[in-house]
Amino acid sequence: MSGPQCCSNPPTLKPSAGAGHVHKLGGLPSYLTGSPNSKRAVLLISDVFGYEAPNLRKLADKVAAAGYYVVVPDFFDGEPYNPRNPDRPLLVWIKDHGQDKGFEAAKPIIEDLKSQGVSTIGAAGFCWGGKVVVELSKSRLIQAAVHLHPSFVTVDDIKGVDIPTAILGAEIDSISPPELIKQFEEVLAAKSEVESYVKIFPKVTHGWTVRYNTEDAEAVKAAEESHQILLDWFAKHLK
């Protein structure tokens with residue numbers, strides 16, 4: 001994940017973005033959108049740029065409009081990766097914000113949701129968030145998962161997954177290249193008891209689902225196609 005693709009097209013963060021609001025859940029500040037009375041919740045776990053990215057919050061609102069209570073936590077203690085800070089290069093920043101910490105921090109959020117009456121939870125992970133989602137999947141703390149251009153996810157991780165899992169990869173991706181995504185597909189296909197969906201999107205790069213240029217019609221179209229797959233997957237598997 002240390003390559004330039006991980007951090008290309010950084011978003012302009014906007015704390016006020018989205019139709020929802022920020023409130024603590026499970027001890028973490030989180031962007032919350034949708035009905036808190038819904039029995040179905042979705043966690044969106046961000047890339048290294050964190051939970052104030054406008055495109056990510058826009059997607060959260062779209063998922064909420066489909067009937068889910070959507071939670072976008074701040075896993076980075078108010079310090080998302082900033083490529084313009086020379087004192088905190090990615091390899092230094094990631095030591096303080098490892099995906100293992102994200103996994104542990106997600107557990108109280110899930111407990112909080114359950115205590116509020118949520119009965120089924122899905123999670124989608126973008127880049128950095130993919131590894132967190134795979135750990136939640138392996139621990140069966142969620143009921144369905146979507147990975148969008150995941151980072152640091154391994155074949156062994158996927159071997160440990162036994163919940164419905166969709167994986168969306170990019171054709172141009174040095175972090176999770178198509179060859180690796182195809183290995184994930186083979187592992188999942190061999191598990192007849194696990195429903196899975198895998199697609200490699202042509203002509204797009206790592207991060208395309210949330211770090212797209214809103215002025216680029218083709219980029220928007222590819223991102224929206226991935227969003228629809230996410231919505232369809234949760235509609236099918238979160239009852």
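Reader: At what angle do the axes of helix 1 and helix 7 cross, and within what distance do they come?

Author: Two packed helices are described by the angle between their axes together with the distance between those axes. In this predicted model, the axes of helix 1 (residues 54-65) and helix 7 (residues 217-237) cross at roughly 40° and come within 11 Å. Since angles under 35 degrees would count as roughly parallel, that angle makes helix 1 oblique to helix 7, and the crossing of helix 1 and helix 7 is right-handed.

Reader: Which residues make the contact?

Author: An α-helix has 3.6 residues a turn, so residues three or four places apart point the same way. Here helix 1 contributes Leu59, Lys62 and Val63, while helix 7 contributes Glu224, His227, Leu230 and Leu231. Sorted by class, the contact of helix 1 with helix 7 has four nonpolar, two charged and one polar residues.

Reader: Is helix 4 mostly covered or mostly exposed, and what do its buried residues pack against?

Author: Helix 4 (residues 128-138) is mostly covered, with 10 of its 11 residues buried, among them Trp128, Lys131, Glu135 and Leu136. The buried residues of helix 4 pack against several elements, including strand 3 (40-45), helix 3 (99-115), strand 5 (120-126) and helix 5 (155-159). Helix 4 is followed by Arg140, whose phi is positive, near 55°.

Reader: Which residues does the UniProt domain annotation cover?

Author: The unreviewed UniProt entry carries the annotation "domain: Dienelactone hydrolase" for residues 30-237. In the model, the span of residues 30-237 is 41% helix and 22% strand, and its end C-alpha atoms lie 24 Å apart.

Conventions:
Residues are numbered from 1 along each chain as its sequence is written. This is a predicted model: local features need pLDDT of at least 70, side-chain atom pairs count only at pLDDT 80 or more; totals for chains, interfaces and linings use all residues. Side-chain values use heavy atoms; hydrogens and water are left out. Axes are lines fitted to C-alpha atoms, for helices over the stretch in contact, and angles run from 0 to 180 degrees between N-to-C directions. Helices (H or I, at least four residues) and strands (E, at least two) are DSSP runs, numbered from the N terminus. Angles under 35 degrees count as roughly parallel, over 145 as roughly antiparallel, 65 to 115 as roughly perpendicular and the rest as oblique. A crossing is left-handed if the near helix is turned anticlockwise from the far one by less than a right angle, and right-handed if clockwise. Contact means heavy atoms within 4.5 Å. Ala, Val, Leu, Ile, Met, Phe, Trp, Tyr, Cys and Pro count as nonpolar, Asp, Glu, Lys and Arg as charged, and the others, Gly among them, as polar. UniProt positions are given in the numbering used here, feature names are shortened, and annotations may be inferred rather than shown by experiment. Buried means under 20% relative accessible area, exposed over 50%, partly exposed in between (1.4 Å probe, protein chains only).
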